[in-house]
Amino acid sequence: MKKFNNLKIGVRILIGFFTVIMIAAAIGTVGIQNLKQINASYESSYGDSVAALELLETVSSSFQRSRMNLYGLILAESAADKEFYLERTYSFEKTMNEGIATYQNILSAYDLDEIKDILTHLNSLTASVERYTALRENLIRTQAMDATLQTDAYHELKEGDLRSAALEVDEAISNIIAYEKEYAYSEISKNISLANVAVITMISVLGAGIVLAILIGLYIARSISKKITLLVQASDKIASGDLNIQIEADSKDEIGSLAQSFQHMTGTLKTIIHDLTRGLEAFSHGNFTLDSQAPDSYVGDFAPIAD
């Protein structure tokens with residue numbers, strides 16, 4: 001700290017000022033980094049969760065519409081109507097499969113350990129869709145296109161293996177949707193925790209910065225005021241006629257220079273007073289010559305005394 005005390009007062013004040021600026025910049029940097037982290041987490045979790053839920057809604061609705069058109073295919077009487085419903089059945093199936101593929105692409109951006117549970121549900125969905133598709137194709141090939149087999153086809157659709165496969169697909173989609181909702185809630189809790197940590201961190205940094213700024217300010221103020229107090233006390237002693245003072249000029253700043261000047265001034269006054277005392281004693285013996293032991297002290301307004 002001695003080097004710091006030797007600096008000019010203005011330089012020390014500037015150092016304190018820039019320290020406060022650096023503290024403020026650190027607080028701002030910490031806050032910005034935390035906000036960026038929270039924002040990135042929100043974008044990742046909410047962006048992917050919303051996109052996933054939208055895709056799953058598309059997958060679910062497309063699957064149900066494909067099933068409804070399969071009902072229409074079976075109940076249709078004319079070949080033209082059957083072709084119409086068959087085309088729509090495949091169209092909605094295509095939309096469903098595209099949604100599943102897009103959902104798989106979203107998951108591919110995550111680590112396998114992070115998505116192992118959802119992959120289990122997704123594999124179950126894929127297997128269920130494959131089973132349903134195989135049973136449906138068999139129904140279309142053997143019964144659905146033949147109006148005379150309408151009753152048998154309708155019974156298979158309502159109560160046969162095809163219905164069981166359809167329920168498996170529905171359950172698999174529901175499991176994935178439930179997982180995504182749970183994941184979204186988990187990410188919300190995680191982001192709330194991040195926000196709380198960010199607030200605590202910023203408050204901690206702010207508190208530490210305030211304490212540090214106060215300590216620096218107090219140190220600078222005390223180092224200045226302490227020396228000024230000593231100089232004031234020395235001035236009071238000089239004014240009361242006490243020249244036996246010793247001022248420690250232990251710094252090289254303006255106050256240290258002032259202390260040296262005080263010390264030099266008191267030394268000069270003591271020399272002149274000593275000479276005058278000796279001179280008055282010599283005068284009493286008839287010697288009117290002033291013999292100074294320090295003639296260099298008689299400068300400026302003191303010069304006439306030596307003359």
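**A cavity, a nonpolar core and charged pairs**

The residues lining the largest cavity divide into eight nonpolar, one polar and three charged. The model is predicted, and a search of the whole structure finds one cavity of 30 Å³ or more. Its volume is about 110 Å³. The lining consists of Asp 48, Ser 49, Ala 52, Ile 106, Leu 107, Tyr 110, Glu 114, Ile 115, Ile 118, Tyr 179, Glu 180 and Tyr 183. The elements that each contribute two or more residues to this lining are α2, α3 and α6.

The next feature is the nonpolar interior. In soluble globular proteins, nonpolar side chains tend to be buried together. Here the largest nonpolar core holds 36 residues, and the members that touch the most others are Leu 70, Tyr 103, Leu 125 and Tyr 132. Two or more residues of this core come from each of α2 (9-75), α3 (79-107), α4 (116-144), α5 (150-159) and α6 (161-239). The surroundings of Leu 70 can be given in detail: neighbours within four places in sequence aside, Leu 70 is in contact with Thr 89, Tyr 132, Arg 136, Leu 139, Ile 140, Leu 157 and Leu 162.

Charged side chains form a further set of links. Side chains of opposite charge can pair when their charged atoms come close. The structure holds four salt bridges. In one of them, Asp 170 pairs with Arg 67, with the closest N and O atoms 3.6 Å apart. Because Asp 170 lies in helix α6 and Arg 67 in helix α2, this pair ties together parts that are 103 residues apart in sequence. Both Asp 170 and Arg 67 are buried.

Another salt bridge joins the side chains of Arg 131 and Glu 168, at 3.4 Å from N to O. This pair also links distant parts of the chain, since Arg 131 is in helix α4 and Glu 168 in helix α6, 37 residues apart. Arg 131 counts as partly exposed at 34% relative accessibility, and Glu 168 is partly exposed with a relative accessible area of 33%.

Are the two partners buried or partly exposed? Buried means under 20% relative accessible area. Arg 136, at 1% relative accessibility, therefore counts as buried, whereas Glu 137, at 26%, counts as partly exposed. Salt bridges that share partners join Glu 93, Arg 136 and Glu 137 into one network.

Key. Residues numbered from 1 in each chain as written. Predicted model: local features only at pLDDT ≥ 70, side-chain atom pairs only at ≥ 80, totals over all residues. Heavy atoms only, no water. Core = buried A, V, L, I, M, F, W, Y, C linked by side-chain atoms within 4.5 Å. Buried < 20%, exposed > 50% of the residue type's maximum accessible area, 1.4 Å probe, protein only. Helix = DSSP H or I, 4+ residues; strand = E, 2+ residues; numbered from the N terminus. Contact = heavy atoms within 4.5 Å. 1 Å grid on protein atoms, 1.4 Å probe; cavity = no way out; pocket = protein on both sides within 12 Å on 5 of 7 lines; lining within 4 Å. Points joined across faces, edges and corners; volume = space filled by probe spheres on them. Nonpolar A, V, L, I, M, F, W, Y, C, P; charged D, E, K, R; others polar.
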